[in-house]
Amino acid sequence: MTTVTFHSAGGRIDGFVVEGHSGYAEAGADIVCAAVSAAVGLAECTINEVLGLGAPVKASERDARISLKLPGGLGEANEHTCQNLLAGLMVYLQAMGEEYPENLIVLMEDDDEA
C-alpha cells in the first residue's frame, strides 16, 4: 500500500511524504503508482522548477519513498500558489484513495500537535 502523509504546521501545509508500493499491479503496469508518481512529480516540478523555490526533496527508490518540505518565507504570492497546489494534490490523492482503498491511503498530520 502507498501511504501519503501531508504535514501541516500553523495552519499551513508544509510538505508531504509518499511511502510504499501500491500493490495494484506488477511494476510497469501499476496505474495507481503511476498516477501518484505523476501527480507528485508535477507538484515538485511546479514548486522547484517553475517557481524556483528550492523546496528540499528526499527520494529513495530502494525504500519507495519521496518527501518534499516547503521552505518558509515564501512571500504572499508563492505561499498562496503552493498552498493551492498542495491542497489540490491532497484532494486528488484522496479521491484516488477512495477509488483504490486497498492500494492508497492519504493522511494529514498536524505537526503542531506532535
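**Cysteines, strands and helices**

Tutor: Across the whole structure, a search finds 0 disulfides, a disulfide being a pair of cysteine sulfur atoms within 2.5 Å. This is a predicted model, in which local features need pLDDT of at least 70 and side-chain atom pairs count only at pLDDT 80 or more, while totals for chains, interfaces and linings use all residues. Residues are numbered from 1 along each chain as its sequence is written, and side-chain values use heavy atoms, with hydrogens and water left out.

Student: Why is Cys82 called buried, and why is Cys33 called partly exposed?

Tutor: Buried means under 20% relative accessible area, exposed means over 50%, and partly exposed lies in between (1.4 Å probe, protein chains only). Cys82 has 0% relative accessibility, so it counts as buried. Cys33 has a relative accessible area of 30%, and is therefore partly exposed.

Student: What makes β3 and β5 edge strands?

Tutor: Strands (E, at least two residues) and helices (H or I, at least four) are DSSP runs, numbered from the N terminus. Two strands pair if DSSP finds at least two bridges between them. The open sheet has 5 strands in the order β3-β4-β2-β1-β5, with mixed pairing. β3 (57–60) and β5 (104–110) each have a single partner strand, so one side of each is left without a neighbour in the sheet.

Student: How do you know that β1 pairs with β2 and with β5?

Tutor: β1 (residues 2–9) and β2 (residues 12–19) run antiparallel and are joined by 7 bridges. β1 and β5 are also joined by 7 bridges, in the parallel sense. The bridge partner of Thr3 in β2 is Glu19. Thr5 stands opposite Val17 in β2, and its bridge partner in β5 is Leu107. In the hairpin of β1 and β2, 2 residues lie between the strands, and Gly10 takes a positive phi near 60°.

Student: Why does Thr5 count as buried?

Tutor: Thr5 has 9% relative accessibility, so it falls in the buried class. Apart from neighbours within four places in sequence, Thr5 is in contact (heavy atoms within 4.5 Å) with Gly15, Phe16, Val17, Leu107 and Glu109. β1, the strand that holds Thr5, is mostly covered, with 6 of its 8 residues buried.

Student: Why is α1 called roughly antiparallel to α2?

Tutor: Axes are lines fitted to C-alpha atoms, for helices over the stretch in contact, and angles run from 0 to 180 degrees between N-to-C directions. The two helices, α1 and α2, pack at an angle of about 175°, with their axes 10 Å apart. Angles under 35 degrees count as roughly parallel, over 145 as roughly antiparallel, 65 to 115 as roughly perpendicular and the rest as oblique. The pair α1 and α2 is therefore roughly antiparallel.

Student: Which classes of residue make up the contact of α1 with α2?

Tutor: The contact has 14 nonpolar, 1 polar and no charged residues. Ala, Val, Leu, Ile, Met, Phe, Trp, Tyr, Cys and Pro count as nonpolar, Asp, Glu, Lys and Arg as charged, and the others, Gly among them, as polar. Among the residues that meet are Val32 and Ala35 in α1, and Cys82 and Leu85 in α2.
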